[in-house]
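Dear colleague,

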Amino acid sequence: MSVRNVQQIQDAVAEYWPDVRWVESTGSTNADLLNDNAAPGTVLIADEQTAGKGRLGRQWVTPKGSQLAMSMVVDLGDTPPPLGLLSIAPSVAVTDVVPQAQLKWPNDVQIDGKKIAGILSALDMPRVIVGIGINVAMRTEDLPVETATALNLEGIDVDFDDFTADILTAMGVRFRQWQERDPQLLVDYRKVCTTIGQEVRLELREGEETVRGLVTGINDEGEVLIDDTAYAVGDVHHLRPNQ
Ligand code: BTN
């Protein structure tokens, strides 16, 4: 891939993100921003990550030029709104830009049940580092699991720089809704969350205790309601994904 036009991206998103940085390769953009005392509004984009971090301690693979992999610094403020809603804000932003996408609770971005993006947040009071990896242009053989896909493999071809600017703008809007406790964030989340109404198995910790039941909704804290009991964390598996 050619070197990105970072200035073009910066100009397009300055209202929300005043400091956009780009590197060709790094270990993990989340780790870089955690180690750097970067101010809220900073974004770090990488064309390649050699030690990307995924949820539940998993590895996240970012082959060169295949993903929009980036992290951003968000200000928590003195009395932050529910953090469960913070984690869904960037996933809703992806569905704003990619209307074919839907969300598996809490924030797995999927197309037809296959994952196209992952989101990982790290609290570093009074900041939070939010990292996202979106599979933009992957080769089938580079997909980490059979249940993953990429925009290009779904027939969605984007210009990397325009897509980056669109995603960052949508994220700016959605993070602002989170900060302002705007109920529209959850209204829109519930519209695109395919977990609602599903029979699920919730793995509370990897390979450990599971809960089974019907998802009756998502509460105002962004927690999943399984048979009306709220759960804040865990890995959800849809038991009948095609229904
Ligand atoms: C998941 O496991 O679903 C979350 C994956 C998050 C990956 C992104 S890529 C940019 C940022 N840097 C990292 O090391 N991880 C996140």
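**Pockets and domains**

Domain 1 (6–192) and domain 2 (199–238) both contribute residues to the lining of the largest pocket, so this pocket lies between them. Please bear in mind that the model is a predicted one.

The domain assignment of the protein chain gives these two units, domain 1 (6–192) and domain 2 (199–238). Their contact takes 12 residues from domain 1 and 16 residues from domain 2. The C-alpha centres of domain 1 and domain 2 are 23 Å apart.

**The largest pocket**

The space in the largest pocket amounts to about 1,100 Å³. Its lining is made up of 45 residues, and those nearest the centre are K104, D108, K115, V145 and T147. Strand β8 (residues 114–124) provides the largest share of this lining, namely five residues. Sorted by class, the lining of the largest pocket holds 23 polar, 12 nonpolar and 10 charged residues.

**The second largest pocket**

For the second largest pocket, the volume is about 510 Å³. A total of 22 residues line this pocket, with L83, S87, N107, S121 and V233 lying nearest its centre. Both α3 (83–97) and β8 supply at least two residues each to the lining. The most comes from β8, which gives five residues. The lining of the second largest pocket comprises 13 nonpolar, six polar and three charged residues.

**Helix α5**

Helix α5 spans residues 184–192, and its buried residues are L185, L186, D188, Y189 and V192. These residues cover an arc of only 165° around the axis, which places them on the same side of α5. The elements that cover the buried residues of α5 include α3, β6 (102–104), α4 (160–179) and β11 (210–218). Among these, α3 also supplies at least two residues of the lining of the second largest pocket.

With kind regards

Key: Residues are numbered from 1 along each chain as its sequence is written. This is a predicted model: local features need pLDDT of at least 70, side-chain atom pairs count only at pLDDT 80 or more; totals for chains, interfaces and linings use all residues. Side-chain values use heavy atoms; hydrogens and water are left out. On a 1 Å grid over the protein atoms alone, a cavity is a set of points where a 1.4 Å probe fits but cannot get out, and a pocket is an open set with protein on both sides within 12 Å along at least five of seven lines; lining residues have an atom within 4 Å of a point. Grid points are joined across faces, edges and corners, and a volume is the space filled by probe spheres set on the points. Helices (H or I, at least four residues) and strands (E, at least two) are DSSP runs, numbered from the N terminus. Ala, Val, Leu, Ile, Met, Phe, Trp, Tyr, Cys and Pro count as nonpolar, Asp, Glu, Lys and Arg as charged, and the others, Gly among them, as polar. Domain bounds come from an automatic or database domain assignment. Buried means under 20% relative accessible area, exposed over 50%, partly exposed in between (1.4 Å probe, protein chains only). The arc is that of the directions from the helix axis to the C-beta atoms. Contact means heavy atoms within 4.5 Å.
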